[in-house]
Amino acid sequence: MILFQGLNDYEIIYLIKDGNELAYEIMFKKYECFIYKKIRDYGISNLYVDEYLQEGLITLNKAIFKFDDSFNKSFMRFFELLLERHFINMLKRNKITYEELNENLFEANDNVLEETVVYYQSKMNFSKFKSKIEQIVYKEYYLENWSIEHISEKYGIETPCIYNAIRRIKKKL
């Protein structure tokens, strides 16, 4: 690694094209942080970071062998352009797939979800909650997904009391 410390991207690319494996590893390590930065810039979910990193490294490999310094562009800018285009295409592809999956998933699971909610509501024993406020907050906040402000307005309960009731409910659950 110390052998390549003073070399720039052009020289390292030349060594890679000559078949030097160590230069290849150095180039990958050098641009791995840049790929992570681009992943973060595009707001990629943590679930897909590894997938996008692998795609970034594949794009780096393609950029190394397609790079032509006769166009007076730096390798960094050339790679950045290829990487951004690839990430944009992946995001478009994944967005369509994600939307299709969501539609199919929600259509198939609507009945299952309703049955599950009814089951858990029937199983929940309100006798755990001694105070009337806890019963109201549990029913409206946890089961009906109402906001704290909405509960406060509807029942005339102050918001700090609702927050305290939520804390007590969490301890009991």
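The model is predicted, so local features need pLDDT of at least 70 and side-chain atom pairs count only at pLDDT 80 or more, while totals for chains, interfaces and linings use all residues. Residues are numbered from 1 along each chain as its sequence is written, and side-chain values use heavy atoms, with hydrogens and water left out.

Helices (DSSP runs of H or I, at least four residues) are numbered from the N terminus. Buried means under 20% relative accessible area, exposed over 50%, and partly exposed in between (1.4 Å probe, protein chains only).

**Aromatic pairs**

- The whole structure contains 12 aromatic pairs; rings of Phe, Tyr and Trp (its six-membered ring) pair if their centres lie within 6.5 Å, and planes under 30 degrees apart count as stacked, over 60 as edge-to-face and the rest as tilted.
- Tyrosine 31 and phenylalanine 75 form an edge-to-face pair, with 5.5 Å from centre to centre and 80 degrees between the planes.
- This pair links distant parts of the chain, since tyrosine 31 is in helix H2 (residues 21-41) and phenylalanine 75 is in helix H4, 44 residues apart.
- Tyrosine 31 is buried at 2% relative accessibility, and phenylalanine 75 is buried at 1%.
- The rings of phenylalanine 34 and phenylalanine 79 are tilted, because their centres are 5.9 Å apart and their planes stand at 50 degrees.
- Phenylalanine 34 lies in helix H2 and phenylalanine 79 in helix H4, so this pair ties together parts that are 45 residues apart in sequence.
- Ring pairs join Tyr10, Tyr31, Phe34, Phe67, Phe75, Phe78 and Phe79 into a cluster.

**Salt bridges**

- The structure holds 7 salt bridges, each a side-chain nitrogen of Lys or Arg within 4 Å of a carboxyl oxygen of Asp or Glu.
- Aspartate 41 and lysine 37 meet in a salt bridge of 2.9 Å, N to O; they are separated by about one helical turn because they are 4 residues apart in helix H2.
- Arginine 168 forms a salt bridge with glutamate 134, with the closest N and O atoms 2.6 Å apart.
- That pair links helix H7 (residues 159-172), which holds arginine 168, to helix H5 (residues 132-143), which holds glutamate 134.
- Arginine 168 is partly exposed at 30% relative accessible area, whereas glutamate 134 is buried at 3%.
- Lys38, Arg77, Glu80 and Glu84 are linked in a network of salt bridges.

**Two single residues**

- Serine 152 is in helix H6 (residues 148-155), and its side chain reaches the backbone oxygen of isoleucine 157 at 2.6 Å.
- Serine 152 counts as buried, at 17% relative accessibility.
- Aspartate 68 is found in the loop between helix H3 (49-66) and helix H4 (75-123), and it is partly exposed at 34%.

Note on methods:
Helices (H or I, at least four residues) and strands (E, at least two) are DSSP runs, numbered from the N terminus. A polar contact is a pair of N or O atoms within 3.5 Å; within protein, one must be able to donate a hydrogen and the other to accept it, and residues adjacent in sequence count only if both atoms are side-chain atoms.
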